[in-house]
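Dear colleague,

I am handing over the structure below and would be glad if you kept it open while you read on. My notes on what was found in it follow directly after.

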Amino acid sequence: MPQTTSPSALPLSLTAVVCWSVALFLPLAEVQKLGLSNTSYLISIGSAYRESEQLLLGLAVDLLALAFPTAVFLLLPIAAAPTGTPFRDHCLKLIGAARTWAMPEVFALSILIAFIKLGSLAEASVSAGFYFL
């Protein structure tokens, strides 16, 4: 009898895809000081580096914070399929490779640390997109 995945694996993987998709486009955080406000979005985090002439850093951030996690989340529903499903084994290998470099949790932790550091300098608050990370 072939092994199958948990019956809850597919709904959970689809939920992860939906949450990641929402997190990409909702605001992550807002920082205010002296009446000025700045809102950040996950989808545009690498563009800030590229605009300040740091092209290589912008590319690295886009790959590690956007491309690799997106690949992992998009492959999860296929990997959650029962054993014997076409491309399942390939998806598991790709997820393993991309997961090594996908760092959304490191990104979320860095946002929290920045908020702690900004606490006395500016008013910072997390927005809806942060909770979907």
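Helices α1 and α3 are roughly antiparallel to each other, a label given to angles over 145 degrees, while angles under 35 count as roughly parallel, 65 to 115 as roughly perpendicular and the rest as oblique. The axes of α1 (residues 9–25) and α3 (residues 55–79) come within 8 Å and cross at roughly 150°, where axes are lines fitted to C-alpha atoms, for helices over the stretch in contact, and angles run from 0 to 180 degrees between N-to-C directions. Helices (H or I, at least four residues) and strands (E, at least two) are DSSP runs, numbered from the N terminus.

This is a predicted model, in which local features need pLDDT of at least 70 and side-chain atom pairs count only at pLDDT 80 or more, whereas totals for chains, interfaces and linings use all residues. Residues are numbered from 1 along each chain as its sequence is written, and side-chain values use heavy atoms, with hydrogens and water left out.

In the contact of α1 with α3 (heavy atoms within 4.5 Å), the residues from α1 include L10, L14 and W20, and those from α3 include L66, F73 and P77. The residues of this contact divide into 13 nonpolar, two polar and no charged; Ala, Val, Leu, Ile, Met, Phe, Trp, Tyr, Cys and Pro count as nonpolar, Asp, Glu, Lys and Arg as charged, and the others, Gly among them, as polar.

Helix α3 also packs with α4 (residues 88–101), their axes coming within 9 Å and crossing at roughly 155°, which makes α3 roughly antiparallel to α4. Among the residues that meet here are F68 and L75 in α3 and L92 and W101 in α4, and the contact divides into 13 nonpolar, no polar and two charged residues.

What is the order of the strands in the open sheet? The three strands run β2-β1-β3, with antiparallel pairing, where two strands pair if DSSP finds at least two bridges between them. Strands β2 (36–41) and β3 (123–126) stand at the edges with a single partner strand each, so one side of each is left without a neighbour in the sheet. Strand β1 (residues 27–33) pairs with β3 over four bridges, and Q32 stands opposite E123 in β3.

Finally, a search of the whole structure finds one salt bridge, meaning a side-chain nitrogen of Lys or Arg within 4 Å of a carboxyl oxygen of Asp or Glu. The partners are D62 and R50, whose closest N and O atoms are 2.3 Å apart, and the pair links helix α3 with helix α2 (residues 45–51).
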